[in-house]
Amino acid sequence: MAVVLAAFVSTPSAHAACSDDRVEIRGDFGTVRFRVAVADDPRERSQGLMHVPEMPRMSGMLFVYERPQSVSFWMANTLIPLDMIFADETGVVTRIHENAVPLDRTPIPGGDGVQFVLEINGGMARQLGIDEGDELRHPSVSGDLAVWPCDAE
């Protein structure tokens, strides 16, 4: 599965409209925009980024669950190191697991109340300054609970 994606660091006034193939995260560092593939059904979520030999520097996959829940990932058949950014139903980043080891079967728990997980290349979260409490925006993070809804600039 080739994912051709890019990210852009911008100021808040430079936001484009939300789209399904883009995730934005904002925090003390500013705003970063990723182009993503979305895994929003059980088959897509179980496949994830397995067997992907490389990913462009600023790309990712957004896992979307139907409701907040406990989630756990592993790196079986995943060939590249990944950062996993876990977010709740409001889009707030609740946990970051850095540099998950390729091919490792050790469970990586995301915690309770997780509805979204963004996987990016290992080391990127720290390099960009992404931290717990930052806010994620995507059309899937919708409704009155979203801390940074798509219609907000």
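User: What makes Glu135 and Arg26 a salt bridge?

Analyst: This is a predicted model, and the call rests on its atoms. The closest N and O atoms of Glu135 and Arg26 are 2.5 Å apart. The cut-off is within 4 Å. The pair therefore counts as a salt bridge. Glu135 sits in strand E8, Arg26 in strand E2 (residues 22-27), and 109 residues separate them. The pair links distant parts of the chain.

User: Why is Arg26 called partly exposed?

Analyst: Its relative accessible area is 28%. Buried means under 20% and exposed over 50%. Arg26 falls in between, so the label is partly exposed.

User: What makes Arg45 and Glu66 a salt bridge?

Analyst: Their closest N and O atoms are 3.4 Å apart. The limit is within 4 Å, so the pair qualifies. Arg45 belongs to helix H1 and Glu66 to strand E4, 21 residues apart.

User: How do you know which of these two, Arg45 or Glu66, is buried and which is exposed?

Analyst: Arg45 has 14% relative accessibility. Under 20% means buried, so Arg45 is buried. Glu66 has a relative accessible area of 57%. Over 50% means exposed, so Glu66 is exposed.

User: What ties Arg126 to Glu98?

Analyst: A salt bridge, with the closest N and O atoms 3.0 Å apart. Arg126 lies in helix H2 (residues 124-128) and Glu98 in strand E6 (residues 93-100), so parts 28 residues apart in sequence are tied together. Arg126 is exposed, at 61% relative accessible area. Glu98 counts as partly exposed, at 31%.

User: How many salt bridges does the whole structure hold?

Analyst: The search finds six. Bridges that share partners join Glu24, Arg33 and Arg137 into one network.

User: Why is Arg137 called buried?

Analyst: Its relative accessible area is 1%. The cut-off is under 20%, so Arg137 is buried. Arg137 lies in strand E8 (residues 135-137). A polar atom of its side chain is 3.4 Å from the backbone oxygen of Pro149. Polar contacts need N or O atoms within 3.5 Å.

User: How do you know that Asp83 has no salt bridge?

Analyst: The nearest side chain of opposite charge is Arg126, 7.5 Å away. A bridge requires within 4 Å, so Asp83 has none.

User: Which backbone nitrogens does the side chain of Asp83 reach?

Analyst: Two can be named. The backbone nitrogen of Gly123 is 3.0 Å from a polar atom of the Asp83 side chain. For the backbone nitrogen of Met124, the distance is 3.1 Å.

User: What lines the largest pocket?

Analyst: The pocket has a volume of about 190 Å³. Of its 14 lining residues, the closest to its centre are Arg45, Ser46, Phe63, Phe73 and Trp74. Helix H1 (42-47) and strand E4 (59-73) each give two or more residues to the lining. E4 gives the most, with four.

User: What is the overall layout of the protein chain?

Analyst: The chain has two helices and eight strands. From the N terminus on, the order is β-β-β-α-β-β-β-β-α-β. Buried residues make up 46% of the 153 residues. Among contacts between residues at least 6 apart in sequence, 71% join residues at least 24 apart.

How values were computed: Residues numbered from 1 in each chain as written. Predicted model: local features only at pLDDT ≥ 70, side-chain atom pairs only at ≥ 80, totals over all residues. Heavy atoms only, no water. Buried < 20%, exposed > 50% of the residue type's maximum accessible area, 1.4 Å probe, protein only. Lys, Arg positive; Asp, Glu negative; His and termini not counted. Polar contact = N/O pair within 3.5 Å; in protein donor to acceptor, adjacent residues only side chain to side chain. 1 Å grid on protein atoms, 1.4 Å probe; cavity = no way out; pocket = protein on both sides within 12 Å on 5 of 7 lines; lining within 4 Å. Points joined across faces, edges and corners; volume = space filled by probe spheres on them. Contact = heavy atoms within 4.5 Å.
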